[in-house]
Amino acid sequence: MTRGEWSEVETADWSEISALTALGDRMYAVCDGGLYAIAADGSYALVGADTWSARFLVPSGNRLIAFESSGAMYKIDPRSGAYGELGDGDWQGASGAASVTGAPYVVHQGAMYRVSPADGSDVLLDGGWADLAFLVSLGAADALLAILDSGATYFVAADGTWRELATTWPAAR
């Protein structure tokens, strides 16, 4: 397959996905309460037997971090499904999450936080993000891209510094 080509893979009903991320050579999705590992050929397998209601799922090292709709945050082993609660923060109502250099970043109540994947402690970062539409990791750049409802677009470095980009994405939602 060359760039720009596509082919349909194994058919499944993914209409109820609440969170999705990539880690290693797999995608991971929370769908209908289950956590699924999805291979490039479209095959998939349920990971663990627990029920999830994640709003956001982000990679962190060789683990997944789930931000649940209840506000709890969990670190998950993507091979076994084993998990543990991470920190004691309440992330209910978070509007976006992504990861940079293995650390989760989450926007909650208009503020952005960098979260320690070791213990769940967080650091408040600069900026106002009340109207966040999307927060995406820029992987190789070790940075995030934040797009607001207005279309204003920001480059956010791993240290939390940011700059507005000339490009805007109005009606991004």
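Trp14 is partly exposed, with a relative accessible area of 24%; the classes used here are buried for values under 20%, exposed for values over 50% and partly exposed in between, with a 1.4 Å probe and protein chains only. The structure is a predicted model, in which local features require pLDDT of at least 70 and side-chain atom pairs count only at pLDDT 80 or more, whereas totals for chains, interfaces and linings use all residues. Residues are numbered from 1 along each chain as its sequence is written, and side-chain values use heavy atoms, with hydrogens and water left out.

Eleven aromatic pairs are found in a search of the whole structure. Rings of Phe, Tyr and Trp (its six-membered ring) are taken to pair if their centres lie within 6.5 Å, and planes under 30 degrees apart count as stacked, over 60 as edge-to-face and the rest as tilted. One of the pairs is formed by Trp14 and Tyr44, which are edge-to-face at 5.0 Å centre to centre, with 75° between the planes. Trp14 lies in the segment before strand 1 (17–23) and Tyr44 in strand 4 (residues 44–46), so this pair ties together parts that are 30 residues apart in sequence. Strands (E, at least two residues) are DSSP runs numbered from the N terminus. Tyr44 is partly exposed, its relative accessible area being 36%. Ring pairs join Trp14 and Tyr44 with Tyr36 into a cluster.

The pair of Trp52 and Tyr74 is edge-to-face because the ring centres are 5.6 Å apart and the planes stand at 80°. Distant parts of the chain are linked by this pair, with Trp52 in the loop between strand 4 and strand 5 (54–60) and Tyr74 in strand 7 (residues 73–76), 22 residues apart. Both Trp52 and Tyr74 are buried. Elsewhere, the charged end of Arg163 sits over the ring of Phe155, 4.7 Å from the ring centre; this description requires NZ of Lys or CZ of Arg within 6 Å of the ring centre and within 35 degrees of the ring normal.

Two loop residues were also examined. Asp77, in the loop between strand 7 and strand 8 (83–85), is buried, with a relative accessible area of 13%. The side chain of Asp77 reaches the backbone nitrogen of Ser80 at 3.4 Å. Apart from neighbours within four places in sequence, Asp77 is in contact (heavy atoms within 4.5 Å) with Val47, Arg63 and Ala82. Ala39 belongs to the loop between strand 3 (34–38) and strand 4 and is buried, at a relative accessible area of 16%. Ala39 and Asp25, 14 residues apart in sequence, have their C-alpha atoms 7.0 Å apart.

Grid points are joined across faces, edges and corners, and a volume is the space filled by probe spheres set on the points. One cavity of 30 Å³ or more is counted. The largest cavity is lined by Arg55, Phe56, Phe67, Glu68, Trp91, Gln92, Gly93 and Ala94, and strand 5 and strand 6 (63–68) are the elements that give two or more residues to this lining.

The largest pocket holds about 280 Å³ of space. Of the 21 residues lining the largest pocket, Thr21, Leu57, Val58, Ala97 and Ala98 are the closest to its centre. Strand 5 provides the largest share of this lining, five residues.

Definitions and conventions:
Helix = DSSP H or I, 4+ residues; strand = E, 2+ residues; numbered from the N terminus. Polar contact = N/O pair within 3.5 Å; in protein donor to acceptor, adjacent residues only side chain to side chain. 1 Å grid on protein atoms, 1.4 Å probe; cavity = no way out; pocket = protein on both sides within 12 Å on 5 of 7 lines; lining within 4 Å.
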